[in-house]
Amino acid sequence: MNSMKIKKIISKHETVLLVAILLIGGIIGIFNRAFLSLATAFEILRGSVPYALMGLGVLPVLLLGEVDISFVGIAAVTSLVSHTLLRSWGYAGGLSAYVGLAIPMGAVLAVIVGLISGYVKLPVFAVSLGFWLMLYGFNLFFISPEMRFDLPSGLVGFYGEFLFRIRDPVVGETGLHIGVIYVLLCAVLIWAFLRYTVYGRGFYIAGGNREVALRTGYNIITLLCVAMAINGSLAAFAGVLQCAYKRFFDPILFRGTELFVIAANVIGGVSITGGRGSVISVLLGVIFIQLVTRGLIYLGVAPTWQQLTVGIMLTVFFVITGLRGKVYHELIRKLAMGRKGQSQNEKTR
Amino acid sequence: MEPFLRLENISKRFGGVVALDGVSLAISQGEILGLVGENGSGKSTLIKILSGVYTPDQGNIWIDDRCYKFLTPSQAIKEGISVIYQDFALCPNLTVAENIAIARLVFSNRKIVNWQDMYRIAAKSLFLLTDHIPLDVEVGTLSTADRQIVAIARALLENARLIVMDEPTTALTEKEITTLFSLLKKLRDQGITIIFVSHKLQEVKQLCDHIVVLRDGRKTFDGSALEVDVPTLQLYMTGRVIETLTTNQAEASTSQPSLLKVVDLSLPPYFYDISFELKRGEVIGITGLLGSGRRELALTLVGIMRPRSGAMYIEGTRKKIQNIWQAWQNGIAYVPEDRITEGLHLPCSITANVILPGVAGGFIRRKFFRYSQYKNIGEEWRSKLNIKAPTAETPVKNLSGGNQQRVVLAKCLATQPKIIVMNCPTMGIDVSSKAEIHRMIRSLSAQGLGIVLITDDIPELLQTCDKIIVLKKGRIAYETTPKLVTEEKLYEVLLQE
């Protein structure tokens with residue numbers, strides 16, 4: 001019984017990914033010793049924070065079998081709009097007012113996408129394509145075509161708000177950023193919601209078989225709107241955090257990274273057709289992508305080559321995980337055939 | 001016994017079409033009712049009225065002593081009516097336990113999922129039925145038969161008093177059907193009423209206590225299963241006597257030239273050392289349980305799968321068939337197992353379907369394709385095969401199952417084949433269409449074609465084939481001719497370990 005459990009854990013996608021992360025980290029470490037340090041780990045974690053938040057947000061949408069890309073636009077609009085409003089009101093405080101303003105805005109915008117897609121019976125992807133363009137266009141035209149560097153005094157020091165500090169021989173003083181706690185908090189909340197509430201199971205049911213969800217009494221449009229509300233809120237949160245890290249507000253924030261977020265989900269084992277995926281998949285997927293991109297810098301790969309290299313690595317990873325099941329079964333079959341002879345192989349199929 | 005469900009004078013029309021015309025029936029608690037009828041006889045309408053999907057135009061539904069004009073889906077569930085449709089309505093991505101128990105959690109208004117509770121609830125229901133399905137595997141990995149059991153377990157958890165099963169045996173093997181039947185009988189003995197909807201009369205006769213036959217929306221028979229035999233049921237169902245083909249199997253086929261000769265064909269792990277010879281005008285029937293390799297053998301003969309070793313001779317010359325185009329060019333056509341997904345383009349017209357192999361296979365050599373030129377081809381096949389449709393431009397999805405199967409046949413015949421490989425051509429179609437397809441098979445063979453017929457249906461084998469081959473675990477286990485064997489003997493060969 002116990003060995004069954006161990007086998008199950010080993011064969012899980014998440015375990016394979018964790019091993020891959022450790023392996024890649026180790027290999028990069030062999031070529032560049034500086035890579036294997038707490039400072040690097042903290043840096044990767046801090047860099048992962050906004051992407052992890054967006055990844056967690058889009059998870060319920062993907063579980064329903066829908067694909068959304070408007071969340072990056074939502075992050076850009078909500079962060080820039082709340083910044084403009086707060087500055088015009090003379091706000092000088094920290095993150096809390098930004099978050100308090102951006103999150104409801106993000107939720108409302110995303111729910112609009114959900115409602116349109118639900119009532120007009122369109123795929124979320126189609127509606128979100130329109131919103132993606134529209135939101136960035138709105139930012140550039142109505143709010144500000146330029147980056148805004150006028151941070152309130154309370155927000156200036158945010159990028160250095162560490163939980164604890166360490167001294168590193170290469171980068172000097174650094175630490176574990178407080179944003180990691182926000183991610184963990186969101187992750188635990190979403191995990192509990194998806195796993196331990198009857199409503200949360202609805203996302204998996206509707207992703208597996210829409211008919212069953214209807215029959216059981218779930219309202220598909222409500223499910224979609226709840227998923228989009230989570231998506232929009234977390235995207236808005238991620239937008240504000242990212243701007244605070246970078247110390248400027250950007251009208252085209254995150255533009256082009258939506259596919260990285262979705263790729264991170266898919267690498268983690270979230271099914272693009274719905275019904276499969278967990279919070280842990282998302283977190284591991286995001287860390288994997290961050291590790292690969294940052295690792296390339298440490299290996300001295302020129303920035304011009306980075307996208308190509310990351311693309312190749314992703315493709316190879318997908319091919320390997322795709323083949324894994326097949327190769328594994330083939331191996332088992334061959335072993336069994338060698339032992340028992342051909343006549344038995346019907347049973348091993 | 002007291003009838004617990006009574007339908008009184010139920011009528012339902014859709015536009016101008018009368019689907020049900022004054023049907024009354026009474027079902028007592030703890031009996032198995034066989035609901036029989038051809039496609040379009042009103043069976044499905046009746047089920048949907050019971051489950052609350054449709055509202056009847058007329059009539060009353062009595063449950064115990066409550067009278068309803070119509071049921072809503074939630075009322076139906078509350079009254080303990082549970083319908084198991086052919087696709088079982090399960091989530092393939094969730095575990096067996098969650099599939100069984102989640103509806104219970106939702107209906108009991110719980111907010112929080114207690115997984116231990118979930119497993120306990122599911123186990124209690126599932127272990128009433130079987131003990132070989134583990135609770136923690138994903139439903140998508142189960143066999144069809146096991147998924148059906150999971151669906152029944154879920155229905156029991158919804159406190160079902162009446163379980164309606166819509167064509168439950170279509171995708172099951174003989175052995176699984178036997179298991180299902182003993183399960184249903186066990187449920188009946190526990191006081192659960194079952195409506196078994198089917199058009200397989202043998203099965204209905206074997207299982208049910210009480211049989212109701214519908215034809216064109218009217219009830220034509222209602223009585224105990226003991227007082228009626230299969231030919232009479234067939235008469236009630238179709239309104240006419242269907243003569244079964246018994247003779248005219250080609251006597252002198254031994255002297256005919258060979259069309260297809262297969263020598264030691266092997267494709268591990270599906271089949272090994274298959275040899276047979278198909279002559280002009282001959283029908284060879286191949287049967288076996290699911291997983292016996294019969295499907296893979298058919299796919300290999302038509303070039304979709306490739307053999308590991310062995311040889312195929314077509315009219316005496318050795319040929320390698322690597323893909324379906326080469327099969328067409330060598331005069332081999334294929335009637336696939338599932339006409340909906342493999343055989344037809346449902347939204348397209350009859351003509352478009354019929355000329356497709358010609359266009360794709362390069363039989364029609366034109367640089368530019370003009371549809372209007374091919375209209376008469378569709379018309380020709382429509383009248384030749386007696387396809388019931390207003391014109392050849394009718395989309396195939398509007399046709400009944402039997403007529404769709406004729407379109408598949410027309411599509412094959414349009415490539416002018418010498419050999420046709422048919423994989424379960426009569427699965428899921430009604431009795432009279434089936435008889436017509438049998439007649440067609442015989443008339444094609446009389447024209448000199450060779451046919452390889454793969455089927456589950458033992459009577460079909462005996463009626464239409466000249467030679468019968470039984471596959472077991474990928475090997476030829478038994479070879480005979482219909483004259484030398486009985487139905488019982490074939491079942492025995494098929495099922496013995």
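A: Helices α4(A) and α11(A) are oblique to each other, because angles under 35 degrees count as roughly parallel, over 145 as roughly antiparallel, 65 to 115 as roughly perpendicular and the rest as oblique. The angle between α4 (residues 71-88) and α11 (residues 220-246) of chain A is about 55 degrees, and their axes are 8 Å apart. Axes here are lines fitted to C-alpha atoms, for helices over the stretch in contact, and angles run from 0 to 180 degrees between N-to-C directions. Helices are DSSP runs (H or I, at least four residues), numbered from the N terminus.

The model is predicted: local features need pLDDT of at least 70, side-chain atom pairs count only at pLDDT 80 or more, and totals for chains, interfaces and linings use all residues. Residues are numbered from 1 along each chain as its sequence is written, while chains are lettered from A and ligands numbered from 1 in the order in which they are written.

On the α4(A) side, the contact includes A:Phe71, A:Val72 and A:Ile74, and on the α11(A) side A:Asn231, A:Gly232 and A:Cys243 are among the residues. Contact requires C-beta atoms, placed from the backbone, to lie within 7 Å. By class, the contact of α4(A) with α11(A) has ten nonpolar, five polar and no charged residues. Ala, Val, Leu, Ile, Met, Phe, Trp, Tyr, Cys and Pro count as nonpolar, Asp, Glu, Lys and Arg as charged, and the others, Gly among them, as polar.

A further pair in chain A, α3 (residues 38-63) and α13 (residues 279-298), has axes that come within 9 Å and cross at roughly 140 degrees. Helices α3(A) and α13(A) are therefore oblique to each other, and their crossing is right-handed. Among the residues in this contact are A:Tyr51 and A:Leu59 of α3(A), with A:Gln290 and A:Arg294 of α13(A). The contact of α3(A) with α13(A) divides into eleven nonpolar, five polar and one charged residues.

As for confidence, the model scores ipTM 0.83 and pTM 0.75.

Technical notes
Helices (H or I, at least four residues) and strands (E, at least two) are DSSP runs, numbered from the N terminus. Two residues are in contact if their C-beta atoms, placed from the backbone, lie within 7 Å. A crossing is left-handed if the near helix is turned anticlockwise from the far one by less than a right angle, and right-handed if clockwise.
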